[in-house]
Amino acid sequence: FDGELKRAADALRAASRVCVLTGAGVSAESGVPTFRASDGLWEGHRIEDVASPMGFERDPRLVWNFYNARRANVRTVRPNPGHHALVRLEDRYGTRFTLVTQNVDGLHRVAGTKSLLEIHGSLYRTRCTYCGEVLDRGLDALPAIPHCHCGAMLRPDIVWFNENLPPDVWDAAQIAASECDVMLVVGTSAVVHPAASLIPIAKRTNDATVVEVNMTRTEASHYADVGLYGPAGEVLPKLVAELERTA
Ligand code: APR
């Protein structure tokens with residue numbers, strides 16, 4: 001592990017631009033459940049069914065129950081040392097740093113990350129199914145099925161299974177991936193596309209050094225030049241300390 005840590009720190013030291021891709025694993029130590037670690041079910045429902053346009057059409061109350069439960073969970077959690085270490089990393093690179101997250105929990109924002117692309121949306125926001133208005137509602141409790149002032153039903157402003165990513169955020173993520181010298185891939189199983197395709201984009205476009213931080217090997221591991229296997233809340237602070245120690 002120490003040798004890999006040093007290699008990762010060396011790559012970061014030589015890097016001009018850094019892109020970080022995070023997934024549910026970075027929030028695990030904060031107490032936000034990951035998707036695929038358990039049995040992939042929520043109260044007996046497949047996650048795909050409560051997080052898809054078809055599921056919402058079939059049973060909006062069930063889908064809102066799921067999201068209201070996730071919003072309530074996120075209200076009780078705080079960023080962990082992994083989120084904070086990524087803020088320190090951003091301090092070092094300034095505008096040459098981009099954090100792309102698949103997480104909708106807002107914890108990177110709460111921790112203080114500034115250059116943040118939430119490519120799967122946010123639990124904080126609602127979107128009207130008719131007029132399209134997007135509102136940031138924080139994490140206050142919402143009605144069982146919230147409605148817009150125009151009368152139509154609201155939905156979470158989250159990218160569901162079988163939906164496209166918002167083009168502006170996705171374009172920015174692709175640019176960050178294609179320009180970076182180091183891509184740090186943290187706490188994602190890398191099975192959901194197009195998010196996971198940012199890793200080969202970084203590799204192929206700029207021959208970026210890919211550093212994986214995860215509990216286990218994943219679909220991203222065969223792209224990884226360096227693998228740091230352990231909890232992100234411990235590995236990321238060690239990585240940043242190593243980088244700062246030898247700066
Ligand atoms: N530190 C580092 N990695 C961890 C930790 C931890 N403490 N705990 C778990 N992990 C890793 C797991 O080993 C796994 O590889 O985090 C990963 C979580 O994977 P998923 O649950 O599949 O989450 P993610 O990759 O973010 O899912 C992608 O799928 O459900 C959709 O849209 C949703 O954004 C989500 C997307």
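1. Ground rules. This is a predicted model, so local features need pLDDT of at least 70 and side-chain atom pairs count only at pLDDT 80 or more, while totals for chains, interfaces and linings use all residues. Residues are numbered from 1 along each chain as its sequence is written, and side-chain values use heavy atoms, with hydrogens and water left out.

2. H120 in the record. UniProt lists H120 under "active site", in an unreviewed entry; such annotations may be inferred rather than shown by experiment. H120 sits in the loop between β5 (116-118) and β6 (121-128). Helices (H or I, at least four residues) and strands (E, at least two) are DSSP runs, numbered from the N terminus.

3. Leaving aside neighbours within four places in sequence, H120 is in contact (heavy atoms within 4.5 Å) with T101, Q102, V104, D157, I158, V159, L165, V192 and A195.

4. Ligand. 22 residues surround the ligand, the closest being A24, R36, T188, S189 and N214; the cut-off here is a heavy atom within 4 Å. As for polar contacts (a pair of N or O atoms within 3.5 Å), an N or O atom in the H120 side chain is 2.8 Å from a ligand oxygen. A polar backbone atom of A24 is also 2.8 Å from an oxygen atom of the ligand, and for a backbone N or O atom of G187 the distance is 3.2 Å. The ligand taken alone exposes 730 Å², and the protein buries 89% of that (Shrake-Rupley areas, 1.4 Å probe).

5. Aromatic pairs. Rings of Phe, Tyr and Trp (its six-membered ring) pair if their centres lie within 6.5 Å; planes under 30 degrees apart are stacked, over 60 edge-to-face, the rest tilted. That rule gives 4 aromatic pairs. One of them is W42 with F66, edge-to-face at 5.0 Å centre to centre and 65 degrees between the planes. W42 belongs to strand β2 (residues 41-42) and F66 to helix α5 (residues 60-75), 24 residues apart. W42 and F66 are buried.

6. Y67 and W160. Their ring centres are 6.3 Å apart with planes at 40 degrees, so this pair is tilted. Y67 is in helix α5 and W160 in the loop between β8 (154-158) and α8 (167-179), 93 residues apart. Both are buried. W42, F56, F66, Y67 and W160 form one aromatic cluster.

Technical notes. A polar contact is a pair of N or O atoms within 3.5 Å; within protein, one must be able to donate a hydrogen and the other to accept it, and residues adjacent in sequence count only if both atoms are side-chain atoms. Buried means under 20% relative accessible area, exposed over 50%, partly exposed in between (1.4 Å probe, protein chains only).
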